[in-house]
Amino acid sequence: RFDRHPRESPRVSQGPSTRAMYRPVQRGRRSTCFAAAFMALAIVVVSLVSTRNSSDSLGRGAVATKFRDRVFQATSMSGLRSRPISSDPRPKKATPQLKHLRRDTDNLFEVRRTNYKIFAEKNGDDWVLKPKAVSMETVHQDVPTMDLDGELEAHPLMRKGQIASNGFRYIILNNPVPAGRFEAHLQMHVGSIEEADDEQGVAHIVEHVTFLGSDKRSVLFGTGSESNAYTDFHHTVYHINCPLVSQGTSALPPNTKLLPLALDALREIAFEAKMLNSRIEKERLAVLSELSMMTNMEYRMTTQEICELHSETILPQRFPIGDEATIRKVHPDKVRAFYKRFYHSDRADLFIVGDIDLDSTEELVKKIFDPVPPSPTYLARQAMRVGAIA
């Protein structure tokens, strides 16, 4: 998501004397943190590598008695000799044997494990601990198989359908956890990539206007529901997380079913938005406010990465947040024209998951979204399909 970013914490200005006073303390804290992190990492590595195992063949002495149950195990991929981990931080060049392993997928899940025991040997007046390999075993694991050319298997309990009159698609799945709640996502197949050069940021404005201008969504306030929306390159998504029944609010009596109200709100957001001038101007300022917060390091790195990876496409010129100059001067009529051009029932997918009954929910979806008028494009495609069959 490139249109939602948390506000950075405010910076507190300090005078030169204050910064100079705190600089030694900060350096000391950093050194202490680095030392603590290094000790914690060493403890974790030792605890992961070492395991308990009985042994009868260790050397004599107090040191040998103390470490006689220690067994160190080192694992390596098939074809590589198991050995203790080297302390040399310099990267090793890939050997021809390793290159062969990378191409041989049959051996990727074969692991060789070498068991080491610590023996105590006396060197002068001191005892020296030396590891010795005592056994080696090969662990064979089944290689997972997947048909990359086939289709993904659908959930056996998933209900999938389409309203024939307008092309509206829906997917319903029962999930009893958490009990008494559901979540509905309405995904519109329109994003910033659909914008023209003089519309950069219009998809984001339309998202704000349709979502925040919905009167039916406000009916769910105070019921324990959560709703939000976002725009990306290819989609605009509106989602509502809601309990099945109301506990009673100023607008709704207790035990009111909320699923019909949530779906009705989504229909108004996507297909019945008012697109008033006052709401467009208000959300224009909201989008500009979001744009002013897009200055953190994470966002700049992400945008630069996208520009490098997709330099041959239009994506670097169509970031969902939009262009500031275009957002400031775009006319409300252009915003309304973008909404009418792309917000149609055949460009929508509805996903409902929750503690719901599949049959009754499917009937409810058809009842609420069947009155949505079809787009001319959908009617033309249907006519061409009927003509081809005839």
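Student: How many disulfides does the structure hold?

Tutor: In this predicted model, the structure holds zero disulfides.

Student: And the cysteines, say Cys242 and Cys307: is Cys242 buried or exposed, and what about Cys307?

Tutor: Cys242 counts as buried, because its relative accessibility is 0%, and buried means under 20%. Cys307, with a relative accessible area of 26%, is partly exposed.

Student: Changing topic, how many aromatic pairs are there?

Tutor: The count comes to six aromatic pairs. One of them joins Phe168 and Phe271, whose ring centres are 6.3 Å apart and whose planes stand at 80°.

Student: Why is the pair of Phe168 and Phe271 called edge-to-face?

Tutor: The planes of Phe168 and Phe271 are at 80°, and the pair is edge-to-face because planes over 60 degrees apart count that way.

Student: What kind of aromatic pair do Tyr339 and Tyr343 form?

Tutor: The pair of Tyr339 and Tyr343 is tilted, with 5.0 Å from centre to centre and 35° between the planes. Tyr339 counts as buried at 8% relative accessibility, and Tyr343 counts as buried at 6%.

Student: What sits over the ring of Phe211?

Tutor: The charged end of Arg217 sits over the ring of Phe211, at 4.0 Å from the ring's centre.

Student: Let me step back to the whole chain: how many helices and strands does it have?

Tutor: The protein chain has twelve helices and ten strands. Of its 390 residues, 34% are buried, and its accessible surface comes to about 25,000 Å², with 56% of that belonging to carbon and sulfur atoms.

Student: What share of the contacts join residues at least 24 apart?

Tutor: If we take the contacts between residues at least 6 apart in sequence, 73% of them join residues at least 24 apart.

Student: On to charges, then: how many salt bridges are there?

Tutor: The count comes to 18 salt bridges. One of these is between Arg347 and Glu194, where the closest N and O atoms are 3.5 Å apart. This pair links distant parts of the chain, since Arg347 is in the loop between α10 (332–342) and β10 (348–354) and Glu194 is in the loop between β7 (181–188) and α4 (202–212), 153 residues apart.

Student: How do Arg347 and Glu194 stand for accessible area?

Tutor: Arg347 is partly exposed, with a relative accessible area of 23%, and Glu194 is also partly exposed, with 29%.

Student: Which parts does the pair of Asp264 and Lys216 tie together?

Tutor: The side chains of Asp264 and Lys216 meet in a salt bridge at 3.1 Å, N to O. Asp264 lies in helix α6 and Lys216 in helix α5 (residues 215–218), so their pair ties together parts that are 48 residues apart in sequence. Lys216 counts as partly exposed at 29% relative accessibility.

Student: What about Arg267 and Glu272?

Tutor: Their side chains meet in a salt bridge as well, at 3.2 Å from N to O. Arg267 counts as buried, at 15% relative accessibility, whereas Glu272 is partly exposed, with a relative accessible area of 37%.

Student: Which residues are linked in a network of salt bridges?

Tutor: Such a network links Arg159, Asp359, Glu362 and Lys366.

Student: And Arg284, where is that, and is it buried or exposed?

Tutor: Arg284 is placed in helix α7 (residues 277–292), and it is buried, with a relative accessible area of 7%. Leaving aside neighbours within four places in sequence, Arg284 is in contact with Ile327, Arg328, Lys329, Val330 and Pro332.

Student: Last topic, the backbone: which peptide bond is cis?

Tutor: The peptide bond from Val177 to Pro178 is cis, with omega near 0°, and Pro178 lies in the loop between β6 and β7.

Student: What is the phi of Asn255, and of Met275?

Tutor: Asn255 has a positive phi of about 65° although it is not a glycine, and Met275, not a glycine either, has a positive phi of about 55°. Asn255 is exposed, with a relative accessible area of 63%, whereas Met275 counts as buried at 5% relative accessibility.

Definitions and conventions
Residues numbered from 1 in each chain as written. Predicted model: local features only at pLDDT ≥ 70, side-chain atom pairs only at ≥ 80, totals over all residues. Heavy atoms only, no water. Disulfide = S-S within 2.5 Å. Buried < 20%, exposed > 50% of the residue type's maximum accessible area, 1.4 Å probe, protein only. Phe/Tyr/Trp six-rings, centres within 6.5 Å; stacked < 30°, edge-to-face > 60°. Lys NZ or Arg CZ within 6 Å of the ring centre and 35° of its normal. Helix = DSSP H or I, 4+ residues; strand = E, 2+ residues; numbered from the N terminus. Contact = heavy atoms within 4.5 Å. Areas by Shrake-Rupley, 256 points an atom, 1.4 Å probe, with all protein chains shown as cover. Salt bridge = Lys/Arg side-chain N within 4 Å of Asp/Glu carboxyl O.
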